[in-house]
Amino acid sequence: MTTERIIPSPNTLVKYDNPILVSKHDSKAGPSGDEAAKKTPLTADIKREAEEILNTILPPKEWEDDGQLWRQCVSTTPATRLDVVNLQEQLDMRLQQRQARETGICPVRRELYTQCFDEIIRQVTINCAERGLLLLRVRDEMRMTIEAYQALYCSSVAFGMRKALQAEQGKSDLFEDVETLKKEKQDLENQITELKQRAEQADRRAAETRLAEERKHTEEIAFLKKTNQQLKTQLEGILAPKK
């Protein structure tokens, strides 16, 4: 039974070696580690060191299938110019196939460019481990920056939503206040109309009362004048000398 198994759809731009069977639970053992080493020979310590650094930068994939543990490491084969050209073509093709947006926030575009950058790190690390570790620092810094921007974006969106809800709630409260004020205004206008009517009635009654009192006062003055005149006439008649 072979120790190599191809994943149906890797769906990544990073170049991996064929999976290797790590362990299985049945009695039939696969090829020994020496045989596997013969199929993928590691002839130099430098290559072994590069492989360890690669496994640190891009950890191997491990999964279990039918009770068997499989592991797949990134490829340690140096990249040629043709590999770089193929990487660029694969990136452009997958961007088009997955309909990634050219501008704005696009998780698909970010995922593909992240895979492309990991593949570039793999290619550089094989030739110069120190340069690959430096690119790893750049990649991690970029990820932390993007995550900080994402957190800030989510926070701003949540803040905007809260403000929008508060504004909507405040808007409904203002509408209620407007309706209340309209009712109060209508009540006050009704009170003003009623008070005006009462004031007009009071003015009419006061005018009528004043006219009645004036007539009564005029009549009393006329009566008193007439009485006074009669008394004068009588008094003159009494005091006049008899002839």
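In this predicted model, Pro-59 sits in the loop that links α2 (45–57) to β2 (61–65), and because its relative accessibility is 53%, Pro-59 counts as exposed. Pro-59 and Gln-72 are separated by 13 residues in sequence, while their C-alpha atoms lie 9.2 Å apart in space.

Helix α3 comprises 17 residues (residues 81–97), which at 1.5 Å a residue should span 24 Å, and the 24 Å between its end C-alpha atoms agrees with that expectation. Its buried residues are Leu-87, Leu-91, Arg-94 and Leu-95; they cover an arc of only 100° around the axis, which puts them on the same side of α3. An α-helix has 3.6 residues a turn, so residues three or four places apart point the same way. The face turned away from the buried side carries the exposed residues Arg-81, Leu-82, Gln-96 and Gln-97. After α3 comes Gln-99, whose phi is positive, near 55°.

The buried residues of α3 pack against α4 (107–127). The axes of the two helices, α3 and α4, come within 10 Å and cross at roughly 170°, and therefore α3 is roughly antiparallel to α4. The residues that make this contact are set out by helix below.

| Helix | Residues in the contact |
|---|---|
| α3 | Val-84, Leu-87, Leu-91, Arg-94, Leu-95 |
| α4 | Arg-109, Leu-112, Tyr-113, Gln-115, Cys-116, Glu-119, Ile-120, Gln-123 |

Methods: Residues are numbered from 1 along each chain as its sequence is written. This is a predicted model: local features need pLDDT of at least 70, side-chain atom pairs count only at pLDDT 80 or more; totals for chains, interfaces and linings use all residues. Side-chain values use heavy atoms; hydrogens and water are left out. Helices (H or I, at least four residues) and strands (E, at least two) are DSSP runs, numbered from the N terminus. Buried means under 20% relative accessible area, exposed over 50%, partly exposed in between (1.4 Å probe, protein chains only). The expected span of a helix is 1.5 Å times one less than its number of residues. The arc is that of the directions from the helix axis to the C-beta atoms. Contact means heavy atoms within 4.5 Å. Axes are lines fitted to C-alpha atoms, for helices over the stretch in contact, and angles run from 0 to 180 degrees between N-to-C directions. Angles under 35 degrees count as roughly parallel, over 145 as roughly antiparallel, 65 to 115 as roughly perpendicular and the rest as oblique.
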